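Biologist: I would like to go through this model with you, one question at a time. Shall we put it on the screen?

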Amino acid sequence: MKKRIFCLMAAVAALAVAGCAKEHQCKCEATETADTEQRILTVDGQMKCESITELGFEEKYVAEDGTHSLRRVQMQKVSCRNYAE
């Protein structure tokens, strides 16, 4: 009996972990510019689409002293929602 309960609890725990790790898509639109292009982002299951407030790109560059770094470009305020809605 204990073996059956343990197996059942292990199966429930495995399903819970698998359910939390699913990805979903967010649809984002710029709020402060005339850019009407909508962007679709794939995020992990723990991130809410409403939490995304800025969107941009990072580009790699080499400074004068030879160090490599990233800088953010084309940053814009966005409003995002779940793509399924």
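This is a predicted model: local features need pLDDT of at least 70, side-chain atom pairs count only at pLDDT 80 or more; totals for chains, interfaces and linings use all residues.

Biologist: What pattern does the chain follow, read along the sequence?

Modeller: Start with the inventory. The chain holds 1 helix and 4 strands. Read along the sequence, the pattern is α-β-β-β-β.

Biologist: What share of the chain's residues is buried?

Modeller: Buried means under 20% relative accessible area. The chain has 85 residues, and the buried share of them is 14%.

Biologist: How much of the accessible surface belongs to carbon and sulfur atoms?

Modeller: Take the total for the chain. That accessible surface is about 7,200 Å². The part belonging to carbon and sulfur atoms is 55%.

Biologist: Among contacts between residues at least 6 apart in sequence, what share joins residues at least 24 apart?

Modeller: A contact needs heavy atoms within 4.5 Å. Of the chain's contacts between residues at least 6 apart, the share joining residues at least 24 apart is 40%.

Biologist: Now the charges. How many salt bridges does a search of the whole structure find?

Modeller: Side chains of opposite charge can pair when their charged atoms come close. The cut-off is 4 Å between a Lys or Arg side-chain nitrogen and an Asp or Glu carboxyl oxygen. Searching the whole structure gives a count of 3.

Biologist: Which strands do glutamate 54 and lysine 77 lie in?

Modeller: Their side chains form a salt bridge, 3.6 Å from N to O. Glutamate 54 and lysine 77 are 23 residues apart in sequence, so the pair ties together separate parts of the chain. Those parts are strand E3 (residues 54-62) for the glutamate and strand E4 (residues 68-82) for the lysine.

Biologist: Which arginine forms a salt bridge with glutamate 59?

Modeller: The closest N and O atoms of this pair are 3.0 Å apart. Glutamate 59 lies in strand E3 and its partner in strand E4, 12 residues apart in sequence, so the pair ties those parts together. Glutamate 59 is partly exposed at 33%. The partner, partly exposed at 39%, is arginine 71.

Biologist: Which ring does the charged end of arginine 71 sit over?

Modeller: Arginine 71 also takes part in the salt bridge with glutamate 59. Its charged end sits 4.2 Å from a ring centre. That ring belongs to tyrosine 61.

Biologist: Which residues does serine 69 contact, leaving aside neighbours within four places in sequence?

Modeller: Serine 69 lies in strand E4. Its relative accessible area is 30%, so it is partly exposed. Its contacts are Glu59, Lys60 and Tyr61.

Biologist: What is the phi of glutamine 74?

Modeller: Most residues other than glycine have a negative phi. Glutamine 74, in strand E4, is exposed at 57%. It is not a glycine, yet its phi is positive, at about 55°.

Biologist: Where is glutamate 23, and how far is its C-alpha atom from that of aspartate 44?

Modeller: Glutamate 23 sits in the loop between helix H1 (2-20) and strand E1 (24-30). With a relative accessible area of 60%, it is exposed. Glutamate 23 and aspartate 44 are 21 residues apart along the chain, and their C-alpha atoms are separated by 4.3 Å.

Biologist: Which residue's backbone oxygen lies 3.2 Å from a polar atom of the histidine 24 side chain?

Modeller: Histidine 24 is in strand E1. Beyond four places in sequence, its contacts include Leu41, Cys49 and Asn82. The backbone oxygen belongs to methionine 47.

Terms used. Residues are numbered from 1 along each chain as its sequence is written. Side-chain values use heavy atoms; hydrogens and water are left out. Helices (H or I, at least four residues) and strands (E, at least two) are DSSP runs, numbered from the N terminus. Buried means under 20% relative accessible area, exposed over 50%, partly exposed in between (1.4 Å probe, protein chains only). Accessible areas come from the Shrake-Rupley method with a 1.4 Å probe; for residues, only the protein chains shown count as cover. A polar contact is a pair of N or O atoms within 3.5 Å; within protein, one must be able to donate a hydrogen and the other to accept it, and residues adjacent in sequence count only if both atoms are side-chain atoms. A charge sits over a ring if NZ of Lys or CZ of Arg is within 6 Å of the ring centre and within 35 degrees of the ring normal.
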